[in-house]
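Hi,

Here is the structure I promised to pass on.

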Amino acid sequence: MKESAREEILARLRQAPKMEIPARPVMPTPREALFDRDGLIARFTEELTRESGVVYRAADREEILDYLTEIARAESLTRIMMSTDDMIRSLDLPAWGERQGVSVSTAADYPDRESYTRAVFDETDAGVTGADFAVAETGTLVIAHGGNQPRLVSLAPVLHVAVVGIDRLVPIYEDALSVFYGGAGRIPPAHLTLVTGPSMTADIRATAFKGMHGPRRVIVILAG
Amino acid sequence: MKIDTGNFVRNAKLEMQNQYARTFLSLLPPYIAARRVKVMGSFPDPAAAQELSRAIRAEAVARMPDLLEEFEKNAIAAGARVLWARNAAEANEMILSIARERNVTMVTKGKSMISEETGLNDALAREGIEPFETDLGEFIAQQLGRPPFHIVGPAINVPVEEVCDLFMKKAGMQEETTDPVELGYAARLFLRDKFRRARLGITGVNMAVADTGAIINVENEGNIRFNKSSPRTQVSVMSPEKVVPTTTDALHLLRVLCRNCTGQSISAYVSIDRGPREPAEIDGPEELFIIIVDNGRSRLYHDPKLREALRCIRCGACLNLCPVYAKIGGYPYGWAYSGPMGQVLNPALLGLEETGDLFKACTLCGTCREVCPAGIDHPAIFLHYRALEVKRKRRSSGRWEAILFGVWGTAAAHSAVWRFLYRLARPVLAVFGKKGKIEAMPGPFAGWFGARDLPVPARRTFRDQWRESLSKQGGAS
Ligand code: SF4
């Protein structure tokens with residue numbers, strides 16, 4: 001019988017002479033690990049701002065909604081799609097939208113995938129989502145996608161507003177990703193993204209600009 | 001992709017006439033290289049960080065068969081389908097049949113070097129399936145039918161006027177513009193429609209994590225995220241060496257990759273997939289295929305020197321510092337990979353017969369080796385290729401060369417013989433001298449002078465002068 005490609009490739013790899021595995025150097029502790037809360041906030045803000053992201057601090061629900069009102073006015077938002085994770089749900093955005101004259105939808109409002117896709121691509125001014133972690137190291141959001149966190153809501157609209165609890169601000173990527181891929185307890189998500197600022201490119205004449213395929217602007221509200 | 005590695009010298013000479021590209025090359029690579037140095041400084045100990053990434057890549061390649069099996073097991077457990085392809089034809093056929101079964105007539109693609117290797121776009125187009133590269137640079141290069149100029153900026157050298165013409169013709173652009181940002185937005189509009197409609201999305205893989213079965217992609221534009229979110233079927237194509245042991249290893253490589261690639265501390269997006277979407281998700285792929293394409297790797301894995309080439313993480317840092325690349329750009333390398341990386345990979349994957357002079361275009365300065373985060377010793381591999389080529393050719397045409405170098409070897413190892421032969425050669429050489437230089441010579445040595453001059457030997461050798469001055473001094477004391 002003809003060997004399958006898999007068997008053939010693996011067998012050929014295994015027949016090759018073994019090679020030594022080099023020792024790994026010890027890495028110094030990352031600087032961020034020693035930061036206190038203010039230090040982490042400062043680093044997160046500085047890193048994200050450099051990538052043209054905007055960071056707000058909000059003490060409570062009222063302040064978060066105030067910021068959203070301000071953003072909606074400044075950006076002339078009329079149609080928002082939101083994720084349905086705990087943080088965003090706790091804000092009761094539909095009620096806020098009614099007061100502000102902004103229509104607020106969730107993926108569940110659409111009868112099927114097609115109409116949802118059309119809406120999120122073409123009929124949404126901003127995606128408002130939570131994030132599982134904010135990483136100070138590089139001003140990065142960690143978003144585990146799932147039923148309450150659709151993939152396109154933070155990607156297709158031209159503006160992405162993320163609301164993250166300050167208790168979710170961690171020093172380095174490992175602090176966040178070990179929660180999902182650490183092997184203990186939680187099942188890793190099917191899709192997880194690290195988001196640092198808006199989408200960008202410099203592919204034509206090395207001219208950098210934001211908003212290539214994804215959002216042109218990213219605003220993060222650190223809450224609490 | 002058409003393979004044109006055999007015409008390296010001809011194409012390099014041609015490219016050196018291209019003033020626009022020359023100006024561009026004198027500006028951009030040094031700029032990225034400087035950014036790289038700056039951002040590497042954000043590691044508490046940059047040297048240790050580089051040493052660690054080298055150790056991880058060496059380990060990943062050394063343990064490759066075990067890691068691949070572990071990765072496969074975990075990816076399948078997460079619901080992915082893992083397929084293995086021996087070569088380009090098999091890989092393309094797999095993707096074609098996935099597309100046919102789903103009645104797909106158009107696919108969107110994220111940047112994937114392995115699919116450039118396998119010529120996937122041509123294979124799809126031949127079957128009436130329209131492929132759209134969605135990375136801006138790849139999109140331009142694809143529509144122009146050119147190989148990548150630079151691994152990070154495949155079309156970064158293309159003049160805006162040319163991009164404008166192209167987009168007017170092929171990307172539905174309404175009004176002419178030479179503003180790079182406006183051009184980018186025109187492509188955004190055009191490709192957005194493709195993302196919305198695509199039934200099948202194809203991506204490459206930057207890293208495959210053995211202990212979780214996850215695949216990781218690194219990008220700035222968001223096109224890969226769209227490819228993983230909008231279509232109902234996702235096909236991710238990888239070469240075997242993409243596998244790394246753990247998520248922690250992947251995160252370190254991620255930090256090192258972004259710094260070396262674009263001088264960023266992290267790219268705008270990193271996406272990690274473990275299996276297809278969960279049932280509760282409204283978007284994302286209902287099915288995820290991971291295709292592992294060998295395409296010659298398991299064969300070259302047997303040569304310990306060539307195996308080193310598999311450590312490469314395609315960061316492009318070696319391109320930005322290479323004095324040869326800086327003069328000729330990416331086209332003459334004639335295939336998917338350019339610069340020192342291409343000089344290492346193209347001969348390893350295509351065979352020395354196909355790659356002509358590619359690996360000889362090197363000053364052996366060693367800058368690529370110094371910068372490489374994967375720990376590849378490029379110059380040593382080039383010398384290895386030369387040795388292999390000599391071995392291969394000796395049977396046929398290398399007879400005179402062998403004799404010549406035999407004599408040369410004997411002479412160089414025995415000072416008396418050397419001095420004797422040199423004494424004979426000096427007056428002969430002097431005949432060809434003009435104004436202190438020999439610029440050309442007839443016969444078998446003509447080629448050597450094609451790009452070099454030799455100073456005419458001095459009338460009296462240093463040794464003679466030295467001896468004379470010693471004897472004078474001796475006379476005086
Ligand atoms: S050979 Fe090294 S420096 Fe060059 S692209 Fe590969 S990993 Fe980067």
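Arg460(B) is partly exposed in this predicted model, because its relative accessible area is 40%, between the 20% below which a residue counts as buried and the 50% above which it counts as exposed. You will find Arg460(B) in the loop that links strand 12 (454-455) to helix 23 (462-476) of chain B. If you set aside its neighbours within four places in sequence, Arg460(B) is in contact with Arg426(B), Gln465(B) and Glu468(B). For a sense of scale, take Leu136(B), 324 residues from Arg460(B) along the chain: the C-alpha atoms of the two are separated by 63 Å.

Next, some helix packing within chain B. Helix 21 (residues 399-413) and helix 22 (residues 415-431) of chain B pack at an angle of about 115°, and their axes are 5 Å apart. On the helix 21 side, the contact is made by Val407(B), Trp408(B), Ala411(B), Ala412(B) and Ala413(B). Helix 22 of chain B brings Ser415(B), Val417(B), Trp418(B) and Leu421(B) to that contact. By class, the residues of this contact divide into eight nonpolar, one polar and no charged.

Helix 3 (residues 46-62) of chain B is worth a look too. Its 17 residues reach 24 Å from the first C-alpha to the last, close to the 24 Å expected at 1.5 Å a residue.

Helix 6 (residues 113-122) of chain A packs with helix 10 (residues 180-197) of chain B at an angle of about 160°, with the axes 10 Å apart. Because of that angle, helix 6 of chain A is roughly antiparallel to helix 10 of chain B. The crossing of helix 6 of chain A with helix 10 of chain B is right-handed. Here Thr117(A), Val120(A), Phe121(A) and Asp122(A) meet Arg192(B), Phe195(B) and Arg196(B).

Finally, chain A as a whole. Chain A has seven helices and twelve strands, and its C-alpha trace spans about 70 × 50 × 45 Å along the principal axes. Of its 224 residues, 55% count as buried. Among contacts in chain A between residues at least 6 apart in sequence, 74% join residues at least 24 apart.

Best wishes

How values were computed: Residues numbered from 1 in each chain as written. Chains lettered and ligands numbered in written order. Predicted model: local features only at pLDDT ≥ 70, side-chain atom pairs only at ≥ 80, totals over all residues. Heavy atoms only, no water. Helix = DSSP H or I, 4+ residues; strand = E, 2+ residues; numbered from the N terminus. Expected span 1.5 Å × (residues − 1). Axes fitted to C-alpha atoms, helices over the stretch in contact; angles between N-to-C directions. Parallel < 35°, antiparallel > 145°, perpendicular 65-115°, else oblique. Left-handed = near helix turned anticlockwise from the far one by under 90°. Contact = heavy atoms within 4.5 Å. Buried < 20%, exposed > 50% of the residue type's maximum accessible area, 1.4 Å probe, protein only. Nonpolar A, V, L, I, M, F, W, Y, C, P; charged D, E, K, R; others polar.
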